[in-house]
Structures are given as structure tokens and as C-alpha cells.
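Thanks for coming. I will show one structure today and walk through it piece by piece. Please look at the sequence and the model first.

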Number of protein chains: 2
Amino acid sequence: MDKGSDTCQTLCVHTEVVERVSARMEPEAMLFELADFFKALGDATRVRILHALSFSELCVCDLARLLNMSSSAVSHQLRVLRGQKIVKYRKEGKNAIYSLDDYHVATLLKMGLEHIAE
Amino acid sequence: MDKGSDTCQTLCVHTEVVERVSARMEPEAMLFELADFFKALGDATRVRILHALSFSELCVCDLARLLNMSSSAVSHQLRVLRGQKIVKYRKEGKNAIYSLDDYHVATLLKMGLEHIAE
DNA sequence: CCCTCATATGAATATGTGCTCATATATGCG
DNA sequence: CGCATATATGAGCACATATTCATATGAGGG
């Protein structure tokens, strides 16, 4: 009934291993950030945006056309990606031209596709 | 399906670029799978599980203790990870011993952490 | 056999999230 | 300036999802 009761309360745990792993774990805060980063990659619209940007920089309008979505929806998702520093942009006249911010991202996408392809 | 009204309807789009990118895009279905894969990585509990498993195989009970969570919650998340072939397990007596399924995963976690650390 | 423990899973619930719609900002043009 | 276009953003809604709770399955030990 208390929280512990649903957790393994006996010595079933491999205590030494758990402690050894526990000591090597990154700080919680970093793992939360990591989760937020992957969460930003974990959406079909955003994956399609990033995949497109891995070929060429594009403005919001281009992306909307390419994905057959409203530019509002695209802009909302770009905001999420900007928040995680996954894309960057520059203004060029009326347009905002987006590109991948970080060389890691294209690599992550490629590795993800490799994993899928198994 | 007429998103045209909110999309850029003039020639603001860089037509040639859009077409060139469009031709190189992976099939939709694959990008959806990719999104589902990253979605499975995009949760703090699951990231912590995977990070722990990158050091050692562990049973559900170990993970629950390590993360200070109910084994039920852990088991639910392991189910998600199994569904994406991110972890595998073997039965050993009463225990289910989990480990990372794929060498890609540890690498992806490491690359993610590098991205964060900028 | 019972009984216990480790794990799995369905239902319910609370929280999160992606899209649409309306609106705001900003740039360029006549 | 006044107007159209490109982008950004807040609110609201519909849907997804992570945890808890209750229960089921299955392995070992008395």
C-alpha cells in the first residue's frame, strides 16, 4: 500500500551492481535535459523538418509547402527545435531561413535511420 | 486537407530547392518510424533506464530501486523500449534481466549528451 | 499444493502536446 | 503612409502518454 510495496523490497536486487551503476550515473538534471532533447526529435513533423533541412536550408514557407502543412504549424514546431538548439535561422528580408544548428543532429538522424533499417 | 490558405500561396517558396529536397526525402513511413524511435528515447524515465543499462544489465527490480520508482512504472516503460527494439531481456528464474539491444543506442545517448554539453 | 515474490498489463486519471484559429509583429513595396 | 506577405505566438481543443492501482501470470520454496 505504501510506495515501497510495489518496489522490490527484499534482497532480490543485485545490490553491488546497483550501487556501482548508481555511482556512474550522470546527474539527474542532465538526463532530464537529454530526455527533452530526444523529445524534440520524437515527433513526425519535426523529424520531417530536420530531414529536409539535412539537405538544404529552407524558409518556413518552403517547409510548409514541402510538408503540406500550415506555416503556423511549422512555425510552432520550429520554435520547439530552436528551444533545443537543434535548428538555427537567419532573417533574409521577409523570410526566416532555417538550417540545422549542430553537426550532431544530422548524424543522429542517420544513426536513427540505421537502427530502423534492421 | 486544403492547408493552402495558411501556407505561403505566392512564389515566395524557393521552388527549385523545394523540389530538389522533396526528391531526396525518405519515404513518409520511414520518417514516422524514426519519430517513434526518438519518441521512445524522449522521456526522462526511459532515458534514465537506458543510461543505467549502458553500464550493466539489470533486472526490473534493480531499475526500480535505482530510479526510486515502482516496478510497475518501470515495467510499463520497458515495454515501450522493447516495442522499439531498444532493449532486450532474458528470464533468469523469477527475474527479467534487461540490457541494451543495439550498439546504436549507447552511441546515440552519448552523442545526445555531447549535444547537451555545449 | 499454497504462498510469496518478480514481472506484466489493463483501466483510470492527470498531465502534456500538436494542431487550428485568431492575432501580432515586421519587412518590403507601391 | 497603407497594404500585402512571411513569420511568430497565445488560446483552446482533441488526443497522446506516464503514472498509479488493481489484478494476472509464472517461478520457487516450504
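I start with a term: a residue is buried under 20% relative accessible area, exposed over 50%, and partly exposed in between, using a 1.4 Å probe and protein chains only. This is a predicted model, in which local features need pLDDT of at least 70 and side-chain atom pairs count only at pLDDT 80 or more, while totals for chains, interfaces and linings use all residues. Residues are numbered from 1 along each chain as its sequence is written, chains are lettered from A and ligands numbered from 1 in the order in which they are written, and side-chain values use heavy atoms, with hydrogens and water left out.

First example. H104(B) counts as buried, because its relative accessibility is 3%. H104(B) sits in helix α6 of chain B, residues 103-116. Helices here are DSSP runs of H or I with at least four residues, strands are runs of E with at least two, and both are numbered from the N terminus.

What does H104(B) touch, not counting residues up to four places away in sequence? The list is M111(A), E114(A), H115(A) and E118(A). Contact means heavy atoms within 4.5 Å. The side chain of H104(B) also makes a polar contact, at 3.1 Å, with the side chain of Y103(B). A polar contact is a pair of N or O atoms within 3.5 Å; within protein, one must be able to donate a hydrogen and the other to accept it, and residues adjacent in sequence count only if both atoms are side-chain atoms.

Now the two chains. Chain B can be laid on chain A by a turn of 180° and a shift of 0.0 Å along the axis, with an RMSD of 0.1 Å. The two copies are thus related as by a two-fold rotation axis. The superposition is by least squares on the C-alpha atoms of residues with pLDDT of at least 70 in both copies.

Next, chain A on its own. Chain A has six helices and three strands, in the order α-α-α-β-α-α-β-β-α from the N terminus on. Of its 118 residues, 50% count as buried. Taking contacts in chain A between residues at least 6 apart in sequence, 47% join residues at least 24 apart.

Within chain A, look at α3 (residues 44-53) and α5 (residues 71-83). Their axes are 10 Å apart and meet at an angle of about 80°. The axes are lines fitted to C-alpha atoms, for helices over the stretch in contact, and angles run from 0 to 180 degrees between N-to-C directions. α3(A) and α5(A) are therefore roughly perpendicular to each other; the class covers 65 to 115 degrees, with under 35 roughly parallel, over 145 roughly antiparallel and the rest oblique. On the α3(A) side, T45(A), R46(A), I49(A) and L50(A) meet V74(A), Q77(A), L78(A), V80(A) and L81(A) of α5(A). By class, this contact has six nonpolar, two polar and one charged residues. Ala, Val, Leu, Ile, Met, Phe, Trp, Tyr, Cys and Pro count as nonpolar, Asp, Glu, Lys and Arg as charged, and the others, Gly among them, as polar.

S70(A) counts as buried because its relative accessibility is 15%. Its side chain reaches the backbone nitrogen of A73(A) at 3.0 Å.

Over to chain B and α4. How many of the eight residues of α4(B) are buried? Seven are, so to speak the helix is mostly covered. The buried residues are V60(B), C61(B), D62(B), L63(B), A64(B), L66(B) and L67(B). Their cover includes α1 (15-24) of chain A, and from chain B α3 (44-53), β1 (58-59), α5 and β3 (95-100).

R48(B), in helix α3 of chain B, is buried, with a relative accessible area of 9%. Leaving aside neighbours within four places in sequence, R48(B) is in contact with M25(A), E28(A) and L31(A) from chain A, and with L67(B) and M69(B) from chain B. R48(B) and L63(B) are 15 residues apart in sequence and 9.2 Å apart in space, C-alpha to C-alpha.

Last, two backbone angles. Most residues other than glycine have a negative phi. Just after α4(B), N68(B) takes a positive phi of about 55°. N68(B) is exposed, with a relative accessible area of 71%. In chain A, K85(A) has a phi near 55°, again a positive value in a residue other than glycine. K85(A) is found in the loop between α5 and β2 (87-92), and counts as exposed at 57% relative accessibility.

That is the end of the walk-through.
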